[in-house]
Amino acid sequence: MKLELAEFPVKHVRLGRRFAYQGGTLEVNEDELIDHVLEDSRITDAALAVAMPGEKVRITGIRDIVEPRYKVSGSGQVFPGILGPVNDVGEGRTHRLSGMTVIAAAEYEGTIRAGTTVQRSAILDMSGPGADISRFSKQVHLVVSFRIIPGLAELEAHTAIQLAEFKVAQRLAQVTEELTAEKIRTYEFKTRTAGLPKVMLIQGCITDPQHVHSGVGYYGLSLRNSMATFVHPNELFDGAVTVDTTRSGRGYYPTTWDWQNHPLVLGLYEAHGRNLNFGGVILQRIRFETAHGKEVGAQNAARLAKALHADGALVTWIGGGNAFVDVMLTVKACERNGIKTTLVTYEHGGKAGLDSPLLFYVPEADAVVSTGSLDRAVDLPAMEKVIGPYEEIKVLSYPGVPAVSARGPLSLEARDSIIGGVDLWGEGTWVCHGY
C-alpha cells in the first residue's frame with residue numbers, strides 16, 4: 001500500500017467570497033462554508049473566525065481539531081464511513097493543508113450531567129503560558145463555532161459535530177485539487193531490509209462500557225467491543241481513525257489531528273529501512289472492567305503482534321485511570337512472547353512531581369519513555385478576545401462548579417483542560433538525557 005501526501009503549507013487564512021490558495025494564503029468563502037454547516041438541522045447557527053499564533057486570543061468550546069485533507073487519487077475518500085461509504089483508504093495521493101487546522105467549537109450541554117462519560121470541551125490560548133504547553137498554539141486555525149439543538153443525545157450530537165468539521169476540512173483542502181504541491185512525501189513499507197528487527201506500534205484505545213461511543217472510531221465504527229485489530233498506518237493519514245467529539249476536550253484524549261499526524265507512526269516510518277522494519281499498527285481496546293478481561297485483552301494484542309512476526313513494539317495509550325493496567329499487562333504479555341517493548345506514556349507525579357509517576361508497574365516494563373506530566377498546574381492570563389461559543393466557562397466539569405469569565409485570568413490545577421496540554425505520544429519538544 002503506497003500513499004503520497006502532497007503538502008500545501010498555510011501561513012494565513014483570509015475570510016472572503018471565494019476559495020483560493022496561493023503562496024501560503026488560503027482564502028475561504030465564508031458564506032458557502034456556513035451554509036455547508038447549516039445544512040444539518042441539528043445545528044442552529046454557525047460562525048467562522050481565524051486565530052493566529054501569538055494573538056491574545058482564547059478559543060472556547062473546543063470539541064475536536066482536524067487537518068484539512070482531500071484525496072485526489074486512490075480508492076475511497078478522506079474520513080471514510082463518515083463523509084462517504086466504507087471504502088479502503090491509505091493509497092493513492094492525498095492533499096493536505098499543513099500548518100493550519102479546522103477547530104470545531106460547539107455549544108452543547110449533553111444529557112449526561114456527571115461521571116466519566118459527561119461531555120467535555122477544552123480551551124486554547126494562542127499566546128502566553130497556555131500557548132507554550134500546547135502543540136496547537138503554533139498553527140493557524142479556522143474556528144467553526146456553532147450551537148447544537150438542546151436535548152440532543154450524546155451520540156447524535158457527536159455525529160453532528162464531526163460531520164460539520166469534516167465537511168469543512170475536506171472542502172478547504174479540495175481547493176488544491178488542481179495545484180502543484182510544495183512537497184510530496186511517500187509512505188510505504190513493502191520493502192524489508194534484511195537483518196533489521198520488525199517493530200510495530202501497539203496503540204491502546206480506552207473504552208467505556210457506559211458510553212455509547214468508545215472514544216475511538218475506525219471507519220466511523222466505535223471500537224468499544226473490538227479485540228485487537230491490525231491497521232495499516234496509511235489509513236490513519238486518510239482519516240480512518242477518528243474521535244468522540246463530545247469527550248475529546250480532555251487533554252489526554254487525542255484529536256483527529258493527532259491521529260492524522262501520529263508522531264510514533266511518523267517516527268517509525270522515518271526509521272523504516274535504516275534502524276528497523278516498520279510492521280504496522282495494532283489498535284487495542286483497553287479498560288476492561290475485570291482483571292480477567294484485562295488479561296485476555298493483553299494476551300490477544302501480544303498474540304496478534306507475534307502472529308505478525310513482530311520482534312519489537314512501541315506500546316502507547318489513550319486515557320487515564322485503570323486503563324493503564326491493561327497497558328502494562330500488554331507490555332508483560334509481549335515480553336513473555338519474545339517481543340521487546342518500549343512504553344511511551346505521559347506521567348502523573350502530582351503537582352510537586354513527588355508522587356508515583358505511573359499508576360501500575362510490572363517488572364517487564366524496563367524501557368519507558370515519558371512524554372511529560374499531566375498534573376502540573378498553570379495560571380493563564382486574561383486574553384483580549386474570545387472565539388467560540390462560550391463567554392463563560394467551567395474550569396472543572398463537576399456539578400455545581402460556577403462558571404467564570406472566559407476572557408479573564410484562569411488558574412488550572414492540571415493541564416487537561418487545554419487542548420494539546422498533555423503530550424500523549426511525544427508530539428512536543430521534550431528531550432530525555434540518561435545520567
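Helices (H or I, at least four residues) and strands (E, at least two) are DSSP runs, numbered from the N terminus. The model shown in every view is predicted.

**View A. Arg287 sits in the loop between strand 18 and helix 7.** Helix 7 covers residues 291-307. The phi angle of Arg287 is near 75 degrees. That is a positive value in a residue other than glycine. Arg287 is buried, with a relative accessible area of 17%; the cut-off for buried is under 20%.

**View B. Tyr219 also has a positive phi, near 55 degrees.** Tyr219, too, is a residue other than glycine. Its loop runs between strand 14 (216-218) and strand 15 (221-222). Tyr219 counts as buried, at 9% relative accessibility.

**View C. Six strands, 16-18-13-19-20-21, form an open sheet.** The pairing in this sheet is mixed. Strand 16 (229-231) and strand 21 (368-373) are the edges, since each pairs on one side only. On average, neighbouring strands are turned by 20 degrees against each other, direction ignored. Strand 19 and strand 20 (residues 340-347) run parallel and are joined by 4 bridges. Within that pair, Val315 stands opposite Leu343 of strand 20. Helix 8 (residues 323-336) lies across strand 13, strand 18, strand 19 and strand 20. Helix 8 runs at about 165 degrees to strand 20.

**View D. Strand 13 (residues 198-206) is largely enclosed by the rest of the structure.** The reason is burial: 9 of the 9 residues of strand 13 are buried. In a regular strand, side chains alternate between the two faces of the sheet. Both faces of strand 13 are covered. One side carries Lys198, Met200, Ile202, Gly204 and Ile206, all buried. The other carries Val199, Leu201, Gln203 and Cys205, again all buried. Strand 13 pairs with strand 18 (residues 277-286) in the parallel sense, over 8 bridges. It also pairs with strand 19 (residues 312-316) in the parallel sense, over 5 bridges. Val199 takes part in both pairings: its bridge partner in strand 18 is Phe278, and it stands opposite Gly312 in strand 19.

View E. A disulfide needs two cysteine sulfur atoms within 2.5 Å. For Cys205, the closest cysteine sulfur is that of Cys334, 15 Å away and so too far for a bond. Seen from Cys334, the closest cysteine sulfur is that of Cys205, again at 15 Å. Cys205 is buried, with a relative accessible area of 2%. Cys334 is buried as well, at 0%.

**View F. Three strands, in the order 2-4-3, form an open sheet.** The pairing here is mixed. Strand 2 (12-16) and strand 3 (20-22) are the edge strands, each pairing on one side only. The twist averages 15 degrees from one strand to the next. Strand 3 and strand 4 run antiparallel, joined by 3 bridges. Tyr21 has Leu26 of strand 4 as its bridge partner. Helix 1 lies across strand 2 and strand 4. It runs at about 60 degrees to strand 4.

**View G. Helix 1 (residues 30-38) has three buried residues: Leu33, Ile34 and Val37.** They cover an arc of only 100 degrees around the axis, so they lie on the same side of helix 1. What covers them includes strand 4 (25-29) and strand 5 (43-51). Strand 11 (140-148) and helix 3 (154-174) also belong to this cover. At the start of helix 1, Asn29 reaches towards the backbone of Asp31. A side-chain oxygen of Asn29 comes to within 3.4 Å of the backbone nitrogen of Asp31.

**View H. Ser134 lies in the loop between helix 2 (129-132) and strand 11.** Ser134 counts as buried, at 2% relative accessibility. Which residues is Ser134 in contact with, leaving aside its neighbours within four places in sequence? They are Leu124, Ile418, Ile419 and Gly420.

Definitions and conventions
Residues numbered from 1 in each chain as written. Predicted model: local features only at pLDDT ≥ 70, side-chain atom pairs only at ≥ 80, totals over all residues. Heavy atoms only, no water. Buried < 20%, exposed > 50% of the residue type's maximum accessible area, 1.4 Å probe, protein only. Arc of directions from axis to C-beta. Contact = heavy atoms within 4.5 Å. Polar contact = N/O pair within 3.5 Å; in protein donor to acceptor, adjacent residues only side chain to side chain. Pairing = 2+ DSSP bridges. Axes fitted to C-alpha atoms, helices over the stretch in contact; angles between N-to-C directions.
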